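Subject: Handover of a structure for your review

Dear colleague,

Please find below the structure that I am handing over to you. My findings follow directly after it.

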Amino acid sequence: MSHIQRHQVIVKPSKPKPSSPDVSSRLRRTRQKVTSAEMLLRRELHRRGLRYRVGYKVISKPRRVADIVFTRQRLAVFVDGCFWHGCPLHGTWPKNNAEFWRDKIETNRRRDCDTNSRLSEAGWTVVRVWEHEPPPEAADRIEHALDELRGDAAQRQGQAPDTEESSYVGSDGSDKGSRKGSGRPRTGPAGGGQA
């Protein structure tokens with residue numbers, strides 16, 4: 001092996017340069033985690049008494065993290081940005097560096113489909129919310145999915161979904177958790193869908 005072969009450096013294709021200082025500034029400000037759409041949805045779910053986990057790893061390899069997760073019901077919620085995930089209503093295709101951005105967005109879409117398939121095969125339910133959706137409407141869809149999952153679980157166990165075994169409320173109005181439960185009190189209002 002020659003000296004040159006031993007020290008070859010693999011050069012990755014570089015990211016295209018932003019087309020203007022304004023674009024560069026906007027991309028630097030783009031949040032990677034906890035977008036405003038996600039925060040508004042989380043507040044709406046919390047206001048309804050639902051409890052959940054955030055930034056929860058639902059698949060180890062390849063690593064996939066859901067924005068909002070109800071672990072008991074195995075419900076994973078993803079809040080997708082209109083630009084980054086190619087929203088059919090609001091997604092745009094930049095003219096500058098068009099090939100790079102089209103590839104980036106299409107890769108995100110393929111990963112979303114792969115994530116949905118992997119989670120479905122593992123027994124999870126997936127709800128995808130676009131960032132433009134009003135939080136109350138998105139929360140309605142999530143609540144509906146939770147109600148269906150709770151009903152299915154209750155049917156498998158041969159009991160009604162809202163039996164006294166599943167939860168009870170103390171005299172102070174707080175949810176005291178399961179009477180048969182683990183001894184851990186639940187947080188939040190009665191009937192919450194906590195993880």
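In this predicted model, the largest nonpolar core consists of 18 residues. Those with the most contacts inside this core are Leu41, Leu45, Phe70, Leu75, Val77 and Ile142. Two or more residues each are given to the core by helix H3 (36-47), strand S2 (64-70), strand S3 (75-80), strand S4 (125-130) and helix H5 (135-157). Of these elements, H5 supplies the largest share, six residues. Residues up to four places away in sequence not counted, Ile142 touches Leu41, Leu45, Phe70, Leu75, Val77, Val127 and Val129. Another core, of eight residues, lies apart from this one, and Val58, Val69, Ala76 and Phe78 are among its members.

The sheet may be taken next. It is an open sheet of four strands in the order S1-S2-S3-S4, and its pairing is mixed. S1 and S4 are the edge strands, each of them pairing on one side only. From one strand to the next, the twist averages 45°.

Strands of a sheet pair through backbone hydrogen bonds, and the pairing is either parallel or antiparallel. Here S1 and S2 pair in the antiparallel sense over five bridges, and they form a hairpin with four residues between them. Within this pairing, Lys57 stands opposite Val65 in S2. S3 and S4, by contrast, pair in the parallel sense over six bridges. Val79 has Val129 in S4 as its bridge partner.

Two helices pack on this sheet. H4 touches S1, S2, S3 and S4, and its direction makes about 150° with that of S4. H5 touches S2, S3 and S4, and its direction makes about 175° with that of S4.

Asp112 is placed in helix H4 (residues 98-121). Is Asp112 buried or exposed? Its relative accessible area is 11%, so Asp112 counts as buried. With neighbours within four places in sequence left aside, Asp112 is in contact with Asp80, His85 and Arg128.

Leaving aside neighbours within four places in sequence, Arg42 is in contact with Val34, Tyr52, Val54 and Ile68. Arg42 and Ala139 are 97 residues apart in sequence, while their C-alpha atoms are 8.7 Å apart in space.

I turn now to the salt bridges. How many salt bridges does the count come to? The count comes to 12. One of these involves Arg118 and Asp114, whose side chains meet at 2.7 Å, N to O. Arg118 and Asp114 are four residues apart in helix H4, and they are therefore separated by about one helical turn. Arg118 is partly exposed at 35% relative accessibility, and Asp114 is partly exposed as well, with a relative accessible area of 26%.

Salt bridges that share partners also join Glu44, Arg47, Arg48, Asp140 and Glu143 into one network. Arg48 is partly exposed, with a relative accessible area of 23%, whereas Glu44 counts as buried at 10% relative accessibility.

The side chains of Arg48 and Glu143 meet in a further salt bridge, at 2.6 Å from N to O. This pair links distant parts of the chain, 95 residues apart: Arg48 belongs to the loop between H3 and strand S1 (53-59), and Glu143 belongs to helix H5. Glu143 has a relative accessibility of 27% and so counts as partly exposed.

With kind regards

Notes. Residues numbered from 1 in each chain as written. Predicted model: local features only at pLDDT ≥ 70, side-chain atom pairs only at ≥ 80, totals over all residues. Heavy atoms only, no water. Core = buried A, V, L, I, M, F, W, Y, C linked by side-chain atoms within 4.5 Å. Buried < 20%, exposed > 50% of the residue type's maximum accessible area, 1.4 Å probe, protein only. Contact = heavy atoms within 4.5 Å. Salt bridge = Lys/Arg side-chain N within 4 Å of Asp/Glu carboxyl O. Pairing = 2+ DSSP bridges. Axes fitted to C-alpha atoms, helices over the stretch in contact; angles between N-to-C directions.
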